[in-house]
Structure formats: structure tokens, C-alpha cells
Amino acid sequence: MAFIETKKLAFEYIRRDEEGNVEGITRAVDGVNLSVEQGSFISILGANGSGKSTLALHLNSLLHPTEGTVTVDGMDITDGSKSWDIRRTAGMVFQNPDNQIVGSIVEEDVAFGPENLGLTSGEIFKRVNGSLALTGMDAFKHKSPSALSGGQKQRLSIAGVLAMHPKCIIFDEATAMLDPEGRAEILSFVRELNRKQHITVIWITHFMEEAIDSDAVFVMDSGRIVLSGKPNAVFSQVEMLTNIGLRVPLATRLSYDLIKEGVPLNRGILDMESLAGELIRAKLNSN
Amino acid sequence: MIRDITLGQYYNTDSFLHRLDPRTKIIGTIVYLVTLFLYMNPYVYVFALLFLVLMIRKSNVPFKFMIRGLRGIAFIMIMTALINIFTVPGDTLFMIGSFPVAKQGVRVAVYMIFRLSFLIIGSSLLTLTTPPVRLTDGLERTFAFMKIFKVPVHDMAMMMSIALRFIPILIEETNIIMKAQLSRGADFESGSLLKRIKSLMPVIIPLFIGAFKKANDLADAMDARCYRGGVKRSRMNPLKYKKGDYAAYAMLVLYAAAIISLGIYAKYLPFGNDILGIGAK
Amino acid sequence: MKIIINHVTVEYDKNLPNYSKALDDISLIINEGDFLGIAGHTGSGKSTLIQLMNGLIKPSKGNVYFEGEDIFEKRYDRKTLRGKVGLLFQYPEYQLFAETVFEDVCFGPLNIGFDRKAAELSAYDALKSVGMPDDLFYQSPFNMSGGQMRRAALAGILAMKPEVLILDEPTAGLDPGAQQSILGIIKKLHEEKKITIVLVSHNMDDIAEYTDRMIVLNKGRKVLDGLTKDVFMEKDILKEAGLSVPQVTELCGMLNKKGFPINQDLIRYEDVKRELLNILK
């Protein structure tokens, strides 16, 4: 069994009017099969309202499926006795940095998770210091979170999760509210976590550029997975991705447009550097 | 004005007060607040002021910071003073229009202003020198005995610490929303009181909606980090009394004893004949 | 000259420990019909600068003129100014408050003195120009998607019939589809309604694609001001300000370095594509 597995997962939001009568049902997630290997970095792409966040909340046992099953490290997420084990195994970082920091001092916020696990005070100290060192936040240990930049706040959120020693972290649009610099900083740090600490990463985003280096990409639209596979294969479906409200990286779009005009380039170009290489090759061939 | 509220903020520095156990500070604050309400004579108030000044100096929080906190509640203080001036009966001092102003009323009003200022500064000292999570711990432990009466002490303490953490964020948000509505031509400063209250709706509604969203997000984030109320929860820094705390308790007892003695015997001192009750009559 | 900012300095928290200079001796002229981009790292003073133009922040030094009048003069009617210089805040959907989208959009024009009829007509017009579907006009703004809420908020500013429209990160937090449509709406407002646009953005590709002129702020100072295509050639100053060049410009640079003969001063997607096709076909 894969580390995280969903089978025919479906989730329905039921809207009720003031008297409690059912007004309508929205199928936010609809028949999703997902399988994530331990240690991998996968991305889930989709426009707003595509169901990607609803899917994410299941992986942490914050939502329970209407239909289908979800297992995390062999544990069924609907098994109430396993909730805490699931949550410490698969941690979660959310979009808004301010709405997920509990403590008023950096160090205390990091301690919040381990304290909930009922660890001894010595062990909590060790974990807090370890997490702060790993995320490069030691210098801010005694600072108030409000003194941090957006990128640093997200680093703090990551430190808080790391202190629970998870095997996997789910990032639910964790960079959506950051400036480009903060976004790049967080993404490269998470990649490093994945490579060096072997933490499984599920990266949920609507910025396709952020998914370039993933092991696998899943694209969602209206609750379903409509595309999946290696980034270069998925990204070559430029028109389909545009139709569902996503935008391929500029390099991909440019190479796609050039190919359409008859320039002989390889498909599946994801970044400007490889595009430059391809263009030079094309130029040499044409001479 | 809203920027000026210092109550509930934490001032990050190191000091004698910062190092004290939160329980010591909570009990100290309660004792101090109680002493403010016991007597109404100049000696008690001067002594309470001296004690407060000493504590401020022991907190390493700039004096300016405290005064700024008072600006935020100036309106409430003035209202309280005015109500007292106009409603307390006694020997007429002078008339404002057809309203008589009594000597006793002025006296109570003056005391009220001092009492409120001491009260606000005294309680802000607690929050300024105690990180909210420590404060929560302290409250939880100090009032733990109430669990026997089925009072959800842990949950209340947690709610309070979260409220404290979000106060500065909500203040910032209020500022932004006010500015945004100003730029849509809103006017918060002119018109009758009713009109002004009405004009605040475009600020209050988005603020509440935002607060609910925050609450939802935060609840998810806390769940995701395995929060399950006070059950099985341990602490990185368990509370432990140190030498300073015993010294502080000793000081507190001396202070309370001094206040009570001054309260009882002040009437034998010049201008001291003014214990609550007598002054107001 | 629509707006003149003349040697303006803005200081926050004067005399306090967290004193900062948000803007430092800035001068800037905005002409009628400009599509001006403002770029700068977080904390460079962008927000302060645009709030200054809208009369929300007072300069410590210097003056701001709108159509030849000093907007901080005592008698100047800043409410009317806010109608003429519309400012859309970042994440403006958090300022929606009324029961229906339509009512919310009427808020601005009613505030600045439109009569009911004129306000409603203007609201219709504004909602149409942001492409709001008719069936959403009378819906609650809180049940809509993020992109639609953003449009409603933009309509709320447009309904005041601004001559200058200032947008602070209008695409932040939206998905790419919604981002494109918001930028498309802004472009149309500039071209068809001849509204002067000031666009604050972190995205250099967007600034290159849409603006004619741009300024760059760094630590409260204006370090670059000129035609967008010229400003993006100042790579060193941009780098120092923590900014990059548009991705396509970066591509041209990489190609050139490797001996591929392409113009270095291209900043827009279509121009680079055309140039590449010319060379390769």
C-alpha cells in the first residue's frame, strides 16, 4: 500500500436554508484516486474552487469522506482512535500565515504541537530547538510572530509542524499570500526538506511554476482529477490547462506558441533556461 | 485612537516582572485592583501610585507606552467623570446651566479618574510583562481549584490567550478597513451620535466576517496540530516558583498591609477624612 | 498634470522606538492618461505612496496636489477627492459589507454626494464594466467566488466615477484565470474609459505587459522613473531594490550571453515571440 492512498474519495457539502432544509449539494471532491509514495514530492494543481483544499483536509483527518476511503501510513482516517496519530504523521501548513500561529512568541508557537502530544518538557525543548535550527528561525526564537515577514511566518508554521516529527507535510496554498521573494524562499526550503529529511510533501497550489520539480502532478477541476503524471507531460496540455483557469509557466507557453508557428522545438519545456538551450539548438540546426 | 490601546499587548524585554511566575503576577494584580476599591482617601491613592510607579520601573516597559494606553480609554474616563460630577448629590459647588455640581461629585470624579487610570495601567502591566501563553498557564493554574465546580478553566484560559494574540491583528485590520471605507467616501467623524454609530457598520460587518474566518482557520490549524483541549497536554516550560516570586509575595503582603492601615488610620491625618462613604455623602 | 507629489516625506511613530521613514523625499508627477506601474520590495513604501495620493496619510514634509490644488489644505474637500482618485486596497473583498452586491457598489457614490438615482445608474454601469453577471447583482457578496468578490469591490470604486484609479496588488490571492480577467478589465478601463491607472504589483511580467511608465521604490526612495521598457534595462538598480526583470527579458539576456542574436530591450511576451519567429523562420 502506498503511503497516502485515496480510493473513490467523494465529499459533499450540503447547503441548508434557514429552516434546515437541504437547499443543494455541492460535490466538492468527486471520485478521486490518489496514491503518494513515501518520500516523494507531489503537487496538486487547480483553480480556486476545484476541490484541492477539500481534498487536503481529508489527508489530515480534518474532514471525513462522504464516499470512498483515505488511508495515511496504513491508518484509516475515519478511525477516530487514530486521529492524533494521523495528524502527527501528516502535518499541515495553511494559506494565511496569521491564522495558523497560536503562540505569541515564536518558540511557544513551535512548542504548541509537541505540548499537545503530551511529551516531556525536555523532549519538547529538544524538538523546538531542532525545528527552529532546521528552519533557520533560531534568531527569532524570542520574538513575536507579528515582527516576522510573511515568508518567515510560513517558516514558523513549518517549524511548528516539524516539531511533531511528521513523515509528511501537506502545504495548502502555503505561498498564495506571499510576495515573489517569500514564495521562492519557502518553496526552495520545502524542496530541501523533502530531499534532505525525506519528508513526503504534498504541495497544493494554483501556480504551475511551483510544480515544475515535482515527482508527480495531479490537476483538479470541479472535484475530479483531470490530468496526472510527470510535470513535463502534464504541462504540455497547454490548452486544457488554460481552459480550467490555470496558466502554464511562461517558458512552456512560449515554446508551445513557437511550436505552433512551426519552430522545431522539443515539447515539455518547463523553464526559461531549458527554453534558451532549445532555441540555441534550433538556431544551429536551421543554419 | 484604536492604535493606542496597550491593554492586552505583550512588551518583549527582560525585567524583574518579566521573570516572575505568571501566578505571582495574577495574584498581585488581583490584590492591587482590590486595594483600589477598598478606600477613597488621598494617602491610599498616593501609596498605590508609588507602588505602581515602582512596578513600572521594575518592568522595563517605557513609561510613554503606559500613558499611550490611557489615551485609548480617555473617552470612557471622561464619561465616568462627567456622570459622577452631575449625579452625585451634596453641597453645591457651582452651577453649569441649571445643573448643580456638588463638591462630593467633583471629588468622586477625581478619584474615579485616578482609580480607572491605576486599574488600566495595573492590569496592562500584567499583560505587558507576561507572554499570553504564560498568562494562560498562570490563569489555568491559579484558578484550577474551580474545576471542582465544573468550570472549564483550561478552555477559558485558552480562549483568552487566543483573544490576546489576535487583538493586535484585529486592530491592524480595523485600521485597514476604516481606511478602505474612507477611500469610498465614508465619514466616521461628522453627524449625530446615531449617524456615527451607523457609519461604523461598513467597518464592523467586514471585521466580524473576517474574525469568523480567522476563527475557522485557526480551529483547523489547532486541530491539525493535535490540539484536544487540556487532555494529555504537557508544557515546555512548566510553571515553577523561584526566589523572586517569594520576595514578590512578601512585598505584596507588605503593600496590602500598608494600604489597609492607611485606609483605616488616614482619618487621623490631615486631609485624610475622606474614606469611601463619607466623601460621597 | 493630474497628481503632483512634491518632495514628500512620510514618517511613522515619530519620537517612538519603532520610528520609521516610510517615504523619503519623493517627487512624482502623474499625467492624465498614464498607465503607471509602481514596483518595490515589501516595505519599500508603495502602500504609503498610494494612500498619500488618496489623502489617507498626511505627509510630514512636502505637498500633494490634485489638479492644481493642495489636497491637505484645511478647506480642501477630501471626500470628493476620494471619488476622483479611486483607491482599491489589497484584498478588497474583505471590505464588502452590504446585503447585496448592488447595494455595496452604491455605497461609494452615495457617500460622495450622488443622489439615489445617479448612484444606482452609476452602480449598474460599474458592475457591467467589470463583467459581473446580471443574476449576481442582487446576491449577497459573501456567497460568491474570490474572483467575483474582487470584481464587486472594483465596481464599488468605479461607481464613484474616478478619473484616476489606483490598484494595490489587484490580482493577489486569485487564481491565474481570475488574475487575467481582472487585468483585462483594468486595461479596458484605461483604453475605453480613458481612466488614468496606477498599478502596484509584485509581478514584473504584469508590469511589463500592461504599463507604459513605471517607478521603482527602494527603502522609501524613488530610485527609477521612466518608460517601462527603459526602467527594465536598469538591471543593477532593480537588483539592488530586490526586483527582477520580466521573464522574457531574462530569456533574451540568457540567449544573448550564449551568442544568440536577439534584442536585449524586449519586455513584452508578444514582442519576444515575434522577434524569435523572425530569427528562427
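**Reading the cavities**

Modeller: The general idea is that rolling a probe the size of a water molecule over the atoms shows where empty space is left. In this structure, which is a predicted model, there are seven cavities of 30 Å³ or more.

Colleague: What volume does the largest cavity have, and which residues are closest to its centre?

Modeller: The volume of the largest cavity is about 310 Å³, and of the 19 residues lining this cavity, Leu17(B), Gly28(B), Thr29(B), Phe51(B) and Met55(B) are the closest to the centre.

Colleague: Which helix gives the most to that lining?

Modeller: Helix 2 of chain B gives the most, with five residues, while the helices of chain B that each supply at least two residues are helix 1 (16-19), helix 2 (22-38), helix 3 (42-59), helix 6 (103-129) and helix 11 (243-265). Sorted by class, the lining of the largest cavity has 13 nonpolar, five polar and one charged residues.

Colleague: How much space lies in the second largest cavity, and which residues are closest to its centre?

Modeller: The second largest cavity holds about 170 Å³ of space, and of its 17 lining residues the closest to the centre are Glu108(A), Glu115(A), Val133(B), Arg233(B) and Arg235(B). Two or more residues of this lining come from each of helix 3 (106-116) of chain A and, in chain B, helix 7 (132-142) and helix 8 (153-182), with helix 3 of chain A giving the most, five residues.

Notes. Residues numbered from 1 in each chain as written. Chains lettered and ligands numbered in written order. Predicted model: local features only at pLDDT ≥ 70, side-chain atom pairs only at ≥ 80, totals over all residues. Heavy atoms only, no water. 1 Å grid on protein atoms, 1.4 Å probe; cavity = no way out; pocket = protein on both sides within 12 Å on 5 of 7 lines; lining within 4 Å. Points joined across faces, edges and corners; volume = space filled by probe spheres on them. Helix = DSSP H or I, 4+ residues; strand = E, 2+ residues; numbered from the N terminus. Nonpolar A, V, L, I, M, F, W, Y, C, P; charged D, E, K, R; others polar.
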